[in-house]
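Subject: Structure handover and notes

Hello,

I am passing on the structure below, followed by notes on what was found in it. Please keep it open while you read.

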Amino acid sequence: MHLVKSLNFLLISIVCPFALLNAKDEDILSKDRLKQFKLSEEKVIEDSAKLQKDWINPITITYSKIDGEITDTEKTVISVNQPIFKSGGIYSAILYAKANKIYSNLDINLQRKEMIRKAYNLLFNIHKTNLEIKKSELILKNAQIDIVRKKEQVLNGFLDTSYLDNAILDANTAKKNLADLKYQKKAFINNFNNIASNDYKIFKLPEFNIVSKKQFISNNLEILKSQADIETKKQLKTMTISQYLPTISATYDFTRNHSNSANIVEKEVQNVGISISMPIDVRTFNDIESSQINYLKSKLSLKTQKLEEENFFRTQMQKIETIEEKIKITKDDYKLYSSLLNTIVEEKNAGLKTKSDVDTLLNSSKVKEVELKIFKIDKQLELLELYAKLKK
């Protein structure tokens with residue numbers, strides 16, 4: 001009866017809807033890791049602000065003092081040569097800065113998501129290894145029971161020693177597997193501690209929803225990043241073309257002579273004007289064509305990225321379907337063991353079966369119970385791979 005109740009609980013826990021991680025999912029990362037991402041975001045803000053102002057030329061202030069044989073000259077010159085029209089280049093430069101900011105933030109978000117994915121992957125694997133250890137311990141118990149059973153049968157002449165040797169080898173294999181699992185758990189914990197904000201026991205395992213293909217593609221960070229890259233390449237192409245078209249600039253020069261020499265007619269001179277310039281460069285066509293090719297490459301890259309993400313989603317769904325098939329098979333096995341156990345207990349009470357027969361079957365049923373929990377984690381690990389690619 002206890003086994004049936006346990007099975008019902010497992011069934012409910014496996015089929016119930018999963019909730020996506022909330023906005024606090026990054027709390028699993030250490031403060032230093034989060035600070036790195038925060039500083040990267042701040043740098044993006046400053047770089048974007050700088051790019052938006054790149055079209056503004058600096059004001060040049062020059063101070064000179066010359067000691068001559070006849071007179072000394074001391075003056076200050078302030079010069080401004082500011083483009084006010086660059087054939088669309090100024091507006092494109094501003095748009096490029098904004099597009100580049102979006103691209104850079106998406107890249108940081110991808111890095112953050114990858115770090116969170118890594119942390120949760122380790123957390124899942126620690127819990128999975130705990131279950132694998134429990135399963136291995138149950139298998140070892142059965143192997144040890146089998147050794148006792150085979151030993152009695154050999155001593156009574158029912159079996160030859162080869163059966164006992166095989167039973168001992170099975171038990172030794174289970175012991176070695178258990179030792180490997182314990183080491184593996186320690187390795188997972190050490191790797192988790194490298195990036196996590198606290199001990200693994202503090203964190204609860206998250207649960208994820210199966211998203212639709214449409215949701216996955218429309219919220220995919222890799223695809224969004226590729227789309228942002230197209231916009232940056234587009235504006236960069238326009239900026240490149242504008243470099244070789246006419247530019248209108250406002251000019252201003254202010255000169256102040258500090259010397260009191262009688263030869264100086266005016267102490268202050270100001271000049272305001274407009275200049276038009278257009279470079280003639282033999283590399284013009286090559287430069288423009290190169291920027292055009294980069295733009296076309298970015299559009300092709302988006303198509304390739306979409307195809308890759310669609311296939312990735314399809315592969316993950318197929319993996320999940322396979323896990324669900326294994327869950328179904330294990331559930332059937334679990335029900336069978338539950339039914340057999342009740343029969344074996346009745347036969348043991350009637351003196352037809354031994355306690356070791358009951359213990360063996362009970363351990364085997366517990367193995368199936370543990371396997372169901374392991375498969376549930378396997379499913380979550382595959383869903384985690386999808387989550388890592390989605391924006392918040």
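Lys-225 lies in helix α6; helices here are DSSP runs of H or I with at least four residues, strands are runs of E with at least two, and both are numbered from the N terminus. With a relative accessibility of 17%, Lys-225 counts as buried (buried means under 20% relative accessible area, exposed over 50%, and partly exposed in between, with a 1.4 Å probe and protein chains only). Leaving aside neighbours within four places in sequence, Lys-225 is in contact with Tyr-103, Leu-106, Asp-107 and Leu-110, where contact means heavy atoms within 4.5 Å.

Two notes on the source. This is a predicted model, in which local features need pLDDT of at least 70 and side-chain atom pairs count only at pLDDT 80 or more, while totals for chains, interfaces and linings use all residues. Residues are numbered from 1 along each chain as its sequence is written, and side-chain values use heavy atoms, with hydrogens and water left out.

One of the partners of Lys-225, Leu-106, has its place in helix α3. Leu-106 is buried, at a relative accessible area of 14%. Apart from neighbours within four places in sequence, Leu-106 is in contact with Leu-221, Leu-224, Lys-225 and Ala-228. Leu-106 and Ser-30 are 76 residues apart in sequence, and their C-alpha atoms are 21 Å apart in space.

Asp-229 is also found in helix α6. Its relative accessibility is 16%, so Asp-229 counts as buried. Not counting residues up to four places away in sequence, Asp-229 touches Tyr-103 and Ser-298.

How do α6 and α7 pack? Their axes are 9 Å apart and meet at an angle of about 170 degrees. Axes are lines fitted to C-alpha atoms, for helices over the stretch in contact, and angles run from 0 to 180 degrees between N-to-C directions. α6 and α7 are therefore roughly antiparallel to each other (over 145 degrees; under 35 is roughly parallel, 65 to 115 roughly perpendicular, and the rest oblique). On the α6 side the contact includes Glu-222, Ile-223, Ser-226 and Asp-229, and on the α7 side it includes Asp-287, Tyr-295, Ser-298 and Glu-309. The residues of this contact divide into six nonpolar, eight polar and nine charged. In that count Ala, Val, Leu, Ile, Met, Phe, Trp, Tyr, Cys and Pro are nonpolar, Asp, Glu, Lys and Arg are charged, and the others, Gly among them, are polar.

Lys-303 is found in helix α7 and is exposed, with a relative accessible area of 61%. Lys-303 and Ile-223 are 80 residues apart in sequence and 9.0 Å apart in space, C-alpha to C-alpha.

α7 has 66 residues and reaches 96 Å from its first C-alpha to its last, close to the 98 Å expected at 1.5 Å a residue; the expected span is 1.5 Å times one less than the number of residues. After α7 comes Gly-351, with a positive phi near 85 degrees. For α3, with 67 residues, the span should be 99 Å at 1.5 Å a residue, and its end C-alpha atoms are 95 Å apart, which agrees. α3 is followed by Gly-157, whose phi is positive, near 80 degrees.

Ser-87 lies in the loop between β2 (72-85) and α3. The phi of Ser-87 is near 55 degrees, a positive value in a residue other than glycine. At 23% relative accessibility, Ser-87 counts as partly exposed.

Now the core. Which residues have the most contacts inside the largest nonpolar core? They are Ile-28, Leu-29, Leu-123, Phe-192, Phe-216 and Leu-384, in a core of 43 residues (a nonpolar core is a set of buried Ala, Val, Leu, Ile, Met, Phe, Trp, Tyr and Cys residues joined through side-chain atoms within 4.5 Å). The elements giving two or more residues to this core include α2 (31-52), α3 (89-155), α4 (161-195) and α8 (355-387). Its largest share, eleven residues, comes from α3. Apart from this core lies another, of seven residues, among them Ile-133, Leu-140, Ala-171 and Leu-178.

Phe-216 touches Val-211, Glu-309, Phe-312, Phe-313, Leu-386, Lys-389 and Leu-390, not counting residues up to four places away in sequence.

Regards
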